[in-house]
Amino acid sequence: MTQPDLGAFDFTGLRATFVNCTLKRSPEPSNTQALVDISAGIMRKHGVEVDLVRAVDHDIATGVYVDMTEHGWDRDEWPTLFAGILDSDILVVAGPIWLGDNSSVTKRVIERLYAGSSMTNAAGQYVYYGKVGGAIITGNEDGIKHCSSNILYSLQHIGYSIPPAADAGWIGEAGPGPSYLDPGSGGPENEFTQRNTTFMTWNLMHLAALLKAAGGFPVGGNQRTEWDAGARFDYPNPEYR
């Protein structure tokens with residue numbers, strides 16, 4: 001089989017945001033960031049504009065509204081971060097495993113993403129329609145698939161499209177042990193992680209490019225504004241027989 005010329009793929013015009021939900025503030029090294037950097041590097045090589053956000057470095061209020069300063073909080077940097085996410089075609093939520101689950105920072109980011117899910121785009125669809133999502137997980141305990149499934153379910157529920165193989169991660173031996181960046185961990189050399197990170201990155205770019213070229217996710221039977229105005233898109237309703 002002839003291999004495609006990867007250099008022929010130009011994804012210029014796409015924008016991606018990676019939100020690293022590590023518990024470590026900058027400049028402390030983040031194992032999650034190391035894996036994020038690999039995916040981001042592939043994207044940049046092919047023309048994607050990439051923004052990297054370490055969520056814990058920002059004052060993100062707790063809550064499920066777009067701007068929590070309107071609900072009693074003195075400070076909230078989420079609205080600025082949210083604007084960048086809305087301008088992105090690709091969102092990757094990345095984070096560590098703690099006690100077999102996503103970090104508290106990951107949970108907060110998902111909650112704040114959910115806060116904007118009732119907003120609509122120019123076509124009257126939910127605002128995340130036409131965007132694609134992925135997940136990156138690191139740690140030294142079991143739970144990559146559990147944590148990824150939680151993130152990917154949440155993203156698709158609020159409107160993101162999820163391509164095939166949209167998650168990647170690395171875990172060491174169960175229990176206390178070396179993390180991804182630690183000498184001798186085997187993380188950077190792990191072929192399973194290398195493959196999944198690469199496939200995820202390319203599939204995110206491919207699907208984002210397809211959706212962008214199509215003008216977003218197809219309009220038809222999925223416009224919140226039209227539903228609110230009374231349209232029912234062939235849903236069987238005895239009152240309209």
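**Burial and packing**

Me: Which residues of α2 are buried?

Reply: In this predicted model, the buried residues of α2 are W78, L81, F82, G84 and I85.

Me: What makes these residues line one face of the helix?

Reply: Viewed down the axis of α2, the buried residues fall within an arc of 160 degrees, so they line one face of the helix. What covers them includes β1 (15-20), β2 (49-54), β3 and α3.

Me: Why is I144 called buried?

Reply: The cut-off for buried is under 20% relative accessible area. I144 has 16% relative accessibility, so I144 counts as buried. This residue lies in helix α4.

Me: What is I144 in contact with, leaving aside neighbours within four places in sequence?

Reply: I144 is then in contact with I97, I137, G169, W170 and I171. Contact here requires heavy atoms within 4.5 Å. As for N102, its C-alpha atom is separated from that of I144 by 9.2 Å, and the two residues are 42 apart along the chain.

Me: Which residues touch the most other members of the largest nonpolar core?

Reply: V19, W78, L91 and L113 do, out of 28 residues in that core. Elements giving two or more residues to it are α2 (78-86), β3 (90-98), α3 (104-115), β5 (132-139) and α4 (144-157). The most comes from α4, with five residues.

Me: Which residues does a second, separate core include?

Reply: That core has 26 residues, among them V50, A94, M200 and A208.

Note on methods: Residues numbered from 1 in each chain as written. Predicted model: local features only at pLDDT ≥ 70, side-chain atom pairs only at ≥ 80, totals over all residues. Heavy atoms only, no water. Core = buried A, V, L, I, M, F, W, Y, C linked by side-chain atoms within 4.5 Å. Buried < 20%, exposed > 50% of the residue type's maximum accessible area, 1.4 Å probe, protein only. Helix = DSSP H or I, 4+ residues; strand = E, 2+ residues; numbered from the N terminus. Arc of directions from axis to C-beta.
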